[in-house]
Amino acid sequence: MQPTLATLKSRAVAALIALVFLLVAAPGHAQLRLDITQGVRDAVPIAVVPFGGQAEGGANDIAAVVANDLRMSGRFAPLERRDMVSRPTSGAEIRVEDWRLLKSDFIVVGRVEPDGDRLAVTFELHNVRTGASLLAQRLPSTEKGLRATAHRIADLVFERLTGIPGAFSTRIAYVAVDGKPPAQRYRLIVADADGFSPRTVLESREPIMSPAWSPDGQKLAYVSFESKVSAVYVQQLATGQRSRVSARAGINGAPAWSPDGRKLALTLSRDGNLDIYTLDLATQTLTRVTSDEAIDTEAEWSKDGQSLYFTSDRAGNAQVYQVRLDEARRAERVTFTNGYNARPRSSPDGKQLALVTLDRGGYRIGVMDLASRNLRVLTNARQDESPSFAPNGALVIYATREGGRGALAFASSDGAFQQRLSSDQGDVRDPAWQPFTTPR
Amino acid sequence: MPGFFKEHLRPLAGSAGLHLLLVGALVLAALRWTSQQPPVELAIQGYVVDGPVKVRPLPEPREAPAEQAPQQVEAVKPPEPAVEPPEDRRAEEAAAAERAAAQRREQQLAQERATQQREAQVAREKAAAEQRRAKEAERKRAEEAAAKRKATEEAERKKAETAEAKRKADEKAQAEREAKVRAEREADLQRRLAAEEEEGAAAAARAGVMDEYRLMLVQTIERNWSRPPSARAGLECTLYVTQAPGGSVVDVKLGTCNGDQAVRESITTAVYKSSPLPAPRDPRAFERRLEIVFRPTE
């Protein structure tokens, strides 16, 4: 009887405690408390309904451009058009029940209307689950500017739903190579971020390499062998005006813009060995930064402009180092994880470096957190190179190999997905993502 | 005789008077009887009265005896006139004897002597009878007193016995009552323990159902939460959700939240997307109102 009683009492006490908790939780607001610590990284289902006032499937199909942008970001899964049961063009026409059945969380509708001799594009973003209207805007446009308007809509939708400014209105620069040696043709191309609307800004029979965007997004620095030897040029995109900024003896390569746009970091071999220099563009003052016997190349500025990241094989194999631009100019090693880390590129917030890393037998794109030194590998091919952050930091564009040819691809900077950028421009390489051209 | 009365009355009245002040009414009643009424009766009466006074714990109101006290003083006098008639008779007889002349003096003297002797004889006899009667009365009184005492004692004893019996009965009843209370208390305790055990088991079962319910809800919502990049560790947002009995989400209110617009949109969407929410195995575990805290780990 005694132990039973004791058991009873302890149980009774436990029951009482449980009861008290239940009762205490009761009177306030909610009765049952849930803690959500996990979520999914699955792409968010969204319906981008063909816009009114447009023929579906045309080159300027706004909904198609918006859907493709969102798909390309890796964060959204646009609903296939053939699954859409209706074609609302305004919020009032949306029957949310239908779209819930189609398992869409959000819906974008809109229409193109004449606005004098121009066009106006109206669009709305609605939450299918809550029924809330999230965005409703009217954007001025033109027949030729409809794609740009579509990218703008994608930017706004992306920002509203992810908290990150969209980078779909920015551009990418890359180099395309046609033909076989000795009859090759090199082109420096600037295209929309989705690969559309490519424009050739430089064409040469000699190699073109390492395009780099100026911080204001208006100029490109690049290496051209057009004079049979390497030289660094800076070209104004709007006017096509360009100037040769470095044509010193030996190699002139790997230009990188300082954050204030006044200097270029360069790799030069004028002193017999590949080292890092900075060049003041206004004064043409050249400053040697590294003087190691090893190869130092591929410089990238830190966001504060006070130091440079670069690749060096001074430890026997390629690793990333950082050197402060003070008198001492002592270089410190930054990467330790893998046997090969090269081509560092800073994230827009300066907290991460994208780089090429030798990972499990393949050269892949990695992102290293500078504070924790943790390296996250984003890709899984064998020969990925030339990473470049999108200006919103959400994506990294890089070069990869596909069917023996160079191709471009995106990876989300959290490593959740990669996506090829289809291109009909043959062998493409050296992508560089344009910074935001307007201050944000 | 009056001397006898006085002789007996004074000490009796004196001794009883102290007490009789309180029982004057009875004394008065006794004195209103004829003078022949033997005062001893009064004395006995006094005893009788005396007895109950000791026993009764509560005396009659004190005012009544105080008023009757003067009556008692007056009541002592009336026996005196009753003494006079024999004196008148003696005077007439003496006058008749003088008028019958001297010659009959001898006879008269003899007669007188005889009469006196007779009277003395009668007086002696009467005194003896009186004495006998007094003795008898004394005896009777004693007997009665004894009987009374005995009766009183008997009554006392009986009363004590009754009291004892009553006390015993009371004690027994008390003990029984206490035993009953103890038993009831014990039974109550057992009942309560049993109830608590049942409650405990029910609570445990409920807690099991509750845990399961909670887990189902959490998993459903987590599955439906597309975490935006800004939902990092350190984020803490609370939603107050009301669901209909079928699990349909009918209301979502945002509580405190340190997340951006995208986070707020995503968590609200996750809850509505989870509608209808899963139902608990035991319908009693259903909670209409939920407090959902989004606190992602990196």
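User: What makes strand S8 (residues 185-192) of chain A and S9(A) a pair?

Analyst: In this predicted model, five bridges join S8(A) to S9(A), and the two run antiparallel. Two strands pair if DSSP finds at least two bridges between them, so with five bridges S8(A) and S9(A) count as paired. One of the contributing positions is Tyr186(A), whose bridge partner in S9(A) is Ser204(A).

User: Why are strands S9 (199-204) and S30 (427-433) of chain A said to stand at the edges?

Analyst: The open sheet of four strands has the order S9-S8-S7-S30 in chain A, with antiparallel pairing. S9(A) and S30(A) each have a single partner strand, so one side of each is left without a neighbour in the sheet. Neighbouring strands of this sheet are turned by 20° against each other on average, direction ignored.

User: How do you know that strand S1 (residues 32-36) of chain A pairs with S3(B)?

Analyst: The pairing criterion is at least two bridges; S1(A) and S3(B) share five bridges, in the parallel sense, and therefore qualify as a pair. Ile36(A), for example, has Phe294(B) as its bridge partner in S3(B).

User: What makes up the side of chain B that touches chain A?

Analyst: Contact means C-beta atoms within 7 Å, and 40 residues of chain B are in contact with 32 residues of chain A. Helix H6 (103-224), helix H7 (261-273) and strand S3 (289-294) of chain B each supply at least two residues. H6(B) gives the most, with 13 residues. By class, this side of chain B has 19 nonpolar, seven polar and 14 charged residues.

Conventions: Residues numbered from 1 in each chain as written. Chains lettered and ligands numbered in written order. Predicted model: local features only at pLDDT ≥ 70, side-chain atom pairs only at ≥ 80, totals over all residues. Axes fitted to C-alpha atoms, helices over the stretch in contact; angles between N-to-C directions. Contact = placed C-beta atoms within 7 Å. Nonpolar A, V, L, I, M, F, W, Y, C, P; charged D, E, K, R; others polar.
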